[in-house]
Amino acid sequence: MGALAAFRYRERDTLLHRLDPRAKLLLSISLILFLWIRADLEVILLAGPPLILLIAVGRLWGDLRGSLRVYLILGLILLPLNSLLYSIYAPTPDENSVIFLTITQKGTPILGELFITRQAVEFSLTIYLRLIFMLLTVSTFIITTSLDEIQALLFKLHFPYFFVLTMGFAFRFMPTLAEEAQRIREAQMVRGLDPNTGGFLRRYWKAVVPLVMPLLVSVLRRSVMFAEALEVRATFVQPRRTLMVKPVFKKADVAVVSTSLAFLGVSFVFLLLRPIL
Amino acid sequence: MQALRGIDLELYAGEMVGLLGENGSGKTTLARLIVGLIRPAKGRITVCGLDTTTASAYELARRVGLVFQNPDHQIFEKTVWNEVAFGPRNYQTPQKEVDRRIEAELRGFDLWVYRSRLPTSLSGGERKSVAFASTFVLEPSVLLLDEPTKGMDYGRKRGLEKKARDLCDAGRAVVFITHDVEFAFESTQRAIVLHQGKILFDGRTQEVLSDPLIEKAGLRLPPIARLAALLQDSLLPQPIGSVEELCNHLEMLL
Ligand SMILES: Nc1ncnc2c1ncn2[C@@H]1O[C@H](COP(=O)(O)OP(=O)(O)O)[C@@H](O)[C@H]1O
Ligand SMILES: [Mg+2]
């Protein structure tokens, strides 16, 4: 569960947190585009230092630790598997291949050989790093940008008012949903439903199934109540509303925007040089 | 953070207890500990010989029931009948027996006419009653009722008291968790006063709730006790248990 901390806003006072959300969004997008444009290990690795810098400036290590552990486990599974699969494209092993399984009959190989080529290892490493770097980029944006800022950002980008507010409410009610589930669980436990007995499947069944309908009912009831609360406060009557957070461009933002644009420029040059997706 | 400290408490069969204390004094936390929803950081709690840290919810719920402070946190089924049936169904009680017990509880709490209604469409006091019925139907040996009188009209309060008395006579223990001092004064025999997570008083209700010191724990003496305390110096023996008793004393004096 610690992994989720990488995708949740954490209030903190750092340069990264104070940046204008528009500048941060541009920075994230430029990084992701840069990562997306070329699948070369050297190019992907170039994105490492800026990312580390961002993480250091935003003091994000603590929030990212849980997710990094998950990525590591993912890597331990994905890297060997992908290397093996990509190697299939190479018909025969070359001098850079590692052969680790040969089935022979009286000295002659049969059924071919299981091998991994150097290119396959490199390619899966590239794909893996690209994925992780993209996730880290998304994390740096989400951890450092509050819901209010994201809403202000979307307003500035001329997203429809209704959409932005609704999205904000959805996010706001996520913890409420978890609380509600916990409450129903407790109400069921004090009346004898025990999710901790039985085999794995039975436990899962008992933990999830009795929760679904009550949760749905309670969510519907809550949303009706919430809608009424919004209505009596005339929420959607005017097409605009006062923003809680007014994004203002500062010097740091200008610097970030210039860097982002530079990154985009470099990506574009790379794209012209040798376009590979 | 510590919500409760140094709690040493025994509940006996057939007891009707008032657990009192101001907001945040730890009453609800103590109840959640006793039913095993949370575990004590230190110490031990046993219910009918079962240790709450090791016993399963299944075993515990049959012996100790908790009615939540807020009925909306407790009610989750689509009809009043299903809500009350949830507990017995977990214990594979035969259908006939389940039906009989549910009907008895629903009638006992004046809910029979609402049996196929959506629980959330009922009034506050009625929802509270649904929560009572759905807990009482399991017939646990210990019943903890968190703020049971909140939002209940006089009739329902008296009904609840009568029901609780019957259960106590049948050898069960009932704990009223409340800051409704008047109700506790009139309905319980033993009173436990919590203050900042510690037990401040534990004794006979009439004595505890006549002691001006409970005002330290944020509780107000019930009016009769206040009146008795004011008259005591010159006129009365302590303590006074009810309006009738006070009247008798006054009549004798006049
Ligand atoms: N699981 C818990 N662990 C520690 N403290 C808690 C826990 N649950 C509640 N508390 C705190 O304990 C105090 C007592 O709360 P509660 O038992 O609800 O009081 P009461 O029911 O007497 O009004 C509160 O300050 C509350 O924040
Ligand atoms: Mg409470």
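A residue is called buried when its relative accessible area is under 20%, exposed when over 50%, and partly exposed in between, using a 1.4 Å probe and protein chains only. This is a predicted model, in which local features need pLDDT of at least 70, side-chain atom pairs count only at pLDDT 80 or more, and totals for chains, interfaces and linings use all residues. Residues are numbered from 1 along each chain as its sequence is written, chains are lettered from A and ligands numbered from 1 in the order in which they are written, and side-chain values use heavy atoms, leaving out hydrogens and water.

**Stop 1: Thr126(A)**

Select Thr126(A). It sits in helix α6 of chain A, residues 118-144. Helices here are DSSP runs (H or I, at least four residues), strands are E runs of at least two, and both are numbered from the N terminus. Is Thr126(A) buried or exposed? Thr126(A) counts as buried because its relative accessibility is 3%. Now show its contacts (heavy atoms within 4.5 Å). Setting aside neighbours within four places in sequence, Thr126(A) meets Ala39(A), Asp40(A), Leu41(A) and Ile44(A).

**Stop 2: ligand 1**

Move to ligand 1. Select the residues near it, meaning those with a heavy atom within 4 Å. They are Met1(B), Ala3(B), Glu22(B), Asn23(B), Gly24(B), Ser25(B), Gly26(B), Lys27(B), Thr28(B) and Thr29(B).

Next, look at the backbone. An N or O backbone atom of Gly24(B) is 2.7 Å from an oxygen of ligand 1. For Gly26(B), the distance from a backbone N or O atom to a ligand 1 oxygen is 3.0 Å. A polar backbone atom of Lys27(B) lies 2.8 Å from an oxygen of ligand 1.

**Stop 3**

Thr28(B) is partly exposed, at 29% relative accessible area. Gln69(B) is also partly exposed, at 30%.

**Stop 4: Gly36(B)**

Finish at Gly36(B), in the loop between α1 and β2 (46-47) of chain B. Gly36(B) is buried, because its relative accessible area is 17%. Gly36(B) touches Thr52(B) and Leu60(B), not counting residues up to four places away in sequence.

Technical notes
A polar contact is a pair of N or O atoms within 3.5 Å; within protein, one must be able to donate a hydrogen and the other to accept it, and residues adjacent in sequence count only if both atoms are side-chain atoms.
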